[in-house]
Amino acid sequence: MTVLQTAGQRAPGAARRGYHPALALTVIAASQLMVVLDGTIVNIALPQMQHALGFSTSNLSWVLNAYTLTFGGLLLLGGRAGDILGRRRVFISGILIFTLASFLGGLATSATWLLAARALQGVGAAIAAPTALSLITTNFAEGEERNRAFGVFSAVAVSGAAIGLIAGGMLTSWLSWRWVLFVNVPIGVLLATLAPMYITESERQPGRFDLGGAATSTAGMTALVYGFIRAAQEGWSDPGTVGSFAAAAVLLALFLSIETRIRQPITPLHMFRERNRAGSYVIMLALAAAMFGQFFFLTLFVQDVLGYSPLRAGIAFLPITGAIVLTSQLAARSVPRVGPRRLMTAGALLAVTGLAWLSQVSVDSGYLDGILGPMLLFGLGMGLLFVPLTIVAVSGVAPHEAGAASSLLNVTQQVGGSLGLSILVTVFGTASRNEAASQVAQLLGNGPADLAAQFRQTGQLPATIAHQVLAHGISTAFQLAVVFAALALAVAVVVIRPERPA
């Protein structure tokens, strides 16, 4: 794309310092890295956040859910805003919101404060992420130049998870958990400063904002997730639990009503009519539910049970990232010959096997003999799935709807992760309570006298028993995660038609 730059004259929307593709791509890719990195960098710091701000294990999942719910719920609205208001303008706004939220989160002195900041981070990410990808089409000519830009963008997205694991471990170990949030501030300020200098603005497109659809879908999913987490703590008959589920039902029904009546819905429901595409969304929903749960619970296990430092924990998760990168490259090359369905089936089968193996984890499990093998199997399976899922999601759609089709896949990943994690936390909470009651009965009945006396005095379970309770709850949660992955496998086998892309 040529940017006019004559003496004292610029084309409308042109970058102030002209066309510098390398710098423009650096800004766009760095923003994607910041958003992707935020998922894993915060994961590593979860135990430290829990201890510092007094989270229960069930409520700790909100540190992830507050981000993913607003991110997933507003992602399509963010993409629409870029089209209507100008992608560069919206991109900078998203980066600034994300940066401000990161700064506020790093200053948090209470759990509520941190969760509010995480939700605001999700808003910023939902605005910045879709416009970052769209800016590549605005700033790079179609063909080889744009393809190279997409390649760099994808590589950054894939590597962001690994970078987040290491960075989260280093910052938490060497400084504090607050720096996994503060680190975004200088990066965000720099990106917001450079963007108007080197990124060209897009033309505005006519359209309307579906604020009602965005609000009801996000609020409905939040109420649903809250209902599950509330049930983990207070039980299924608790008025707050029942009220949350009732509110979720009303809000989500209202969302569907809005989407079927409005002229420009935020969620084009007709995308779900095609069998293969709908199947790909269900597979992503189910696998994200299992994947988010795996990272959440294993982060607690390796640090609280195995006693790993945050840095060592980050390094411990690198093999799963490597496995995903390896098989995703293999899948990209194999799709034309093998077809998406076979790759999805193989990937889901590996994920089921890995999670079934993880469900056997116990307080006596070590990293090499209990965690590494199943993590690798799960990672290999997920790598085989991402490419064919994306291809099936966008196959057969009109060019002007390709962005919506692929964005919906991202939305189902975020929503599935939040919903699945909340359900797994509910199972974890119930199993942990039952195991704790059993352990207390044994301790007071015929347990060591010194430990029994310690428990009577403090009301706290001894560390060895607390670790056993935690490990039991985690293994039970993984049993349900197996069901999620099995659902994905069944859809891949039964629903997806064995078609090969052209």
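Two residues are said to be in contact when they have heavy atoms within 4.5 Å. Keep that in mind as we look at this model, which is a predicted one.

Start with the whole chain. It holds 19 helices and 2 strands. Of its 502 residues, 53% are buried. Contacts tell us how the chain folds back on itself: among those between residues at least 6 apart in sequence, 83% join residues at least 24 apart.

Now find helix α12, which runs over residues 275–305. With 31 residues at 1.5 Å a residue, α12 should span 45 Å, and this agrees with the 44 Å between its end C-alpha atoms. How many of the residues of α12 are buried? The count is 27 of the 31, so the helix is largely enclosed by the rest of the structure. Just after α12 comes G307, with a positive phi of about 75 degrees.

Next, move along to helix α17, residues 402–446, where you will find E435. Is E435 buried or exposed? This residue is buried, and yet it has no salt bridge. The nearest side chain of opposite charge belongs to R433, 12 Å away, whereas a salt bridge calls for a side-chain nitrogen of Lys or Arg within 4 Å of a carboxyl oxygen.

Definitions and conventions:
Residues numbered from 1 in each chain as written. Predicted model: local features only at pLDDT ≥ 70, side-chain atom pairs only at ≥ 80, totals over all residues. Heavy atoms only, no water. Helix = DSSP H or I, 4+ residues; strand = E, 2+ residues; numbered from the N terminus. Buried < 20%, exposed > 50% of the residue type's maximum accessible area, 1.4 Å probe, protein only. Expected span 1.5 Å × (residues − 1). Lys, Arg positive; Asp, Glu negative; His and termini not counted.
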